[in-house]
Amino acid sequence: MKNVRLEARTIADIDGQVAKVLRGLGNPEPPIDLRVVRDLLKLDRGYYSTTDDGLLREIRSRLKVAGRQVLLRPTILRDAVQSLNLKALYLPDQKRILLDQDLPLIKHRWNEAHEVGHDIIPWHAGMMLGDTEQTLTPACHEVMEAEANYAAGQLLFLVDRFRAEAISVPPSLDLVRKLSKTFGNTVTSTLWRLVEQAHGDRPMVALVTGHPHPAKRKSDFDAANPCRYCVESPLFREWFGQIAETEIFSAIVGYSGAQRGGTLGEAEIVLKDRNGGQHVFAFETFFNRHEALTLGYWLAPHTSVY
Amino acid sequence: MKLERSKQWWMARARREGDAAVGAGLLAFDPALEERPSSAQAAPVEETRIAFGRFVNLMRRRRGYTMERLAEVADLDASELLVIEDDVHYVPAPRTIFKLAQTFEVSQQRLMQLAGLAAANDANFRTEAVRFAARSESVQKLTSEETLALEAFVAILSEWDRNKVK
């Protein structure tokens with residue numbers, strides 16, 4: 001699944017909202033403390049559990065009171081939480097964020113920032129799911145999620161602060177791990193951020209997949225959709241956006257070993273741009289025993305030697 | 001306008017809902033984990049998009065705006081407004097709908113439905129949208145019938161918001 005491209009005016013508006021929050025906090029140092037963000041925005045945080053019936057019942061009664069999120073069927077919230085892999089909720093009329101307490105702690109941070117994103121994006125207030133009178137189309141929902149993710153990224157990575165630190169050294173998975181520690185965010189969200197934001201003048205791509213080696217693939221591996229995420233930098237999308245995720249995945253299969261963890265391999269790979277021109281990319285893949293993270297970045301035009 | 005719904009309507013809704021999971025607030029996805037769900041929601045309806053393009057066109061003309069002027073007032077791209085008015089297949093960004101709803105002082109939710117970003121759980125609204133589109137053939141100046149159609153439509157859009165507040 002490729003990342004959704006947001007329009008320039010949408011990005012500018014979200015940037016403005018995040019900048020306002022950061023200004024309100026006196027432009028803090030990383031890692032940003034989401035407690036102070038909540039205080040500033042007068043947001044409340046609570047938890048639910050996908051395994052605790054009592055908590056689910058409590059939330060259900062609150063939702064009934066809230067009016068806009070009326071739930072008539074007694075089991076509907078639980079069903080929704082379970083079948084949609086729900087990680088968090090934002091109840092705009094209560095200014096309340098609810099997180100799934102069964103998630104690992106490090107995941108709470110992204111989910112909370114994502115819900116803060118819904119709170120600060122002005123047009124999301126009138127478009128919330130859970131409205132009994134309308135249903136968002138999947139495409140609209142996807143854009144809204146991408147917008148909230150973008151806002152979360154801007155907030156957690158302190159907008160330009162991340163870019164300034166990221167461009168001071170060449171891109172690499174080592175750099176991603178280092179920045180992940182500095183900003184207190186997951187390696188995956190840091191990788192995503194690096195590709196989307198850090199190097200505007202260099203085509204970059206990242207893949208989040210299962211283990212690429214044929215011997216290590218899980219039984220549910222889908223050859224037609226091998227990537228959980230395929231994140232393209234703006235310039236990569238412009239020049240190389242025609243390349244299918246499956247093609248890029250095939251390229252990393254070519255150099256990846258069957259190690260159980262750590263670096264799976266690295267290689268220089270030639271990719272064709274939209275005009276047929278060839279370019280050399282540096283690729284490297286790391287397996288954290290849960291998923292494989294791949295970073296590919298442009299090195300130079302490819303010159304054939306005959 | 002108060003929306004009254006019959007028992008049959010609610011029963012039909014319940015049957016359509018079946019075992020599907022609906023109405024649980026916005027989802028959050030950490031890029032680090034889990035795949036997005038495949039949603040089986042309603043597809044955009046082209047006929048309401050025709051009404052959406054007509055609506056923007058008529059509202060713009062009623063206010064005496066050129067596309068450039070509306071773009072300036074609403075903080076949108078003129079090129080996008082051109083596509084909105086001319087291409088029924090175009091699906092605008094959520095922000096665009098928000099800005100147009102603010103500018104024309106109508107319900108954001110209703111405009112989203114017209115633009116194909118959301119499906120109304122209300123058949124009457126779609127009927128109104130279609131009627132509006134049919135009555136608003138593109139002409140240089142608004143006829144009195146067009147004006148009436150536009151005003152009735154705006155009234156429905158606004159009424160809907162008031163009902164939601166009650």
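This is a short tour of a predicted model, with stops in chain A and then in chain B.

Begin in chain A by selecting helix H1, residues 8–24, together with helix H6, residues 138–156, whose axes come within 10 Å and cross at roughly 40 degrees. H1(A) and H6(A) are therefore oblique to each other, and the crossing of the two is right-handed. To see what makes the contact, show the side of H1(A) that holds Thr10(A), Ile11(A), Ile14(A), Asp15(A), Val18(A), Val21(A) and Leu22(A), and then, on H6(A), show Glu147(A), Tyr150(A), Ala151(A), Gln154(A) and Leu155(A). Coloured by class, the residues in this contact of H1(A) with H6(A) come out as 8 nonpolar, 2 polar and 2 charged.

Staying in chain A, select Val36(A), which is found in helix H2, residues 34–41. Because its relative accessibility is 36%, Val36(A) counts as partly exposed. If you also pick Gly24(A), which is 12 residues away along the chain, the C-alpha atoms of Val36(A) and Gly24(A) are separated by 9.9 Å.

Now move to chain B and select helix H6, residues 108–115, where 8 of the 8 residues are buried, so that this helix is largely enclosed by the rest of the structure. Among the buried residues of H6(B) are Arg110(B), Leu111(B), Met112(B) and Leu114(B). At the N-terminal end of H6(B), show Ser107(B), which caps the helix with a side-chain oxygen that lies 3.2 Å from the backbone nitrogen of Gln109(B).

Definitions and conventions. Residues numbered from 1 in each chain as written. Chains lettered and ligands numbered in written order. Predicted model: local features only at pLDDT ≥ 70, side-chain atom pairs only at ≥ 80, totals over all residues. Heavy atoms only, no water. Axes fitted to C-alpha atoms, helices over the stretch in contact; angles between N-to-C directions. Helix = DSSP H or I, 4+ residues; strand = E, 2+ residues; numbered from the N terminus. Parallel < 35°, antiparallel > 145°, perpendicular 65-115°, else oblique. Left-handed = near helix turned anticlockwise from the far one by under 90°. Contact = heavy atoms within 4.5 Å. Nonpolar A, V, L, I, M, F, W, Y, C, P; charged D, E, K, R; others polar. Buried < 20%, exposed > 50% of the residue type's maximum accessible area, 1.4 Å probe, protein only. Polar contact = N/O pair within 3.5 Å; in protein donor to acceptor, adjacent residues only side chain to side chain.
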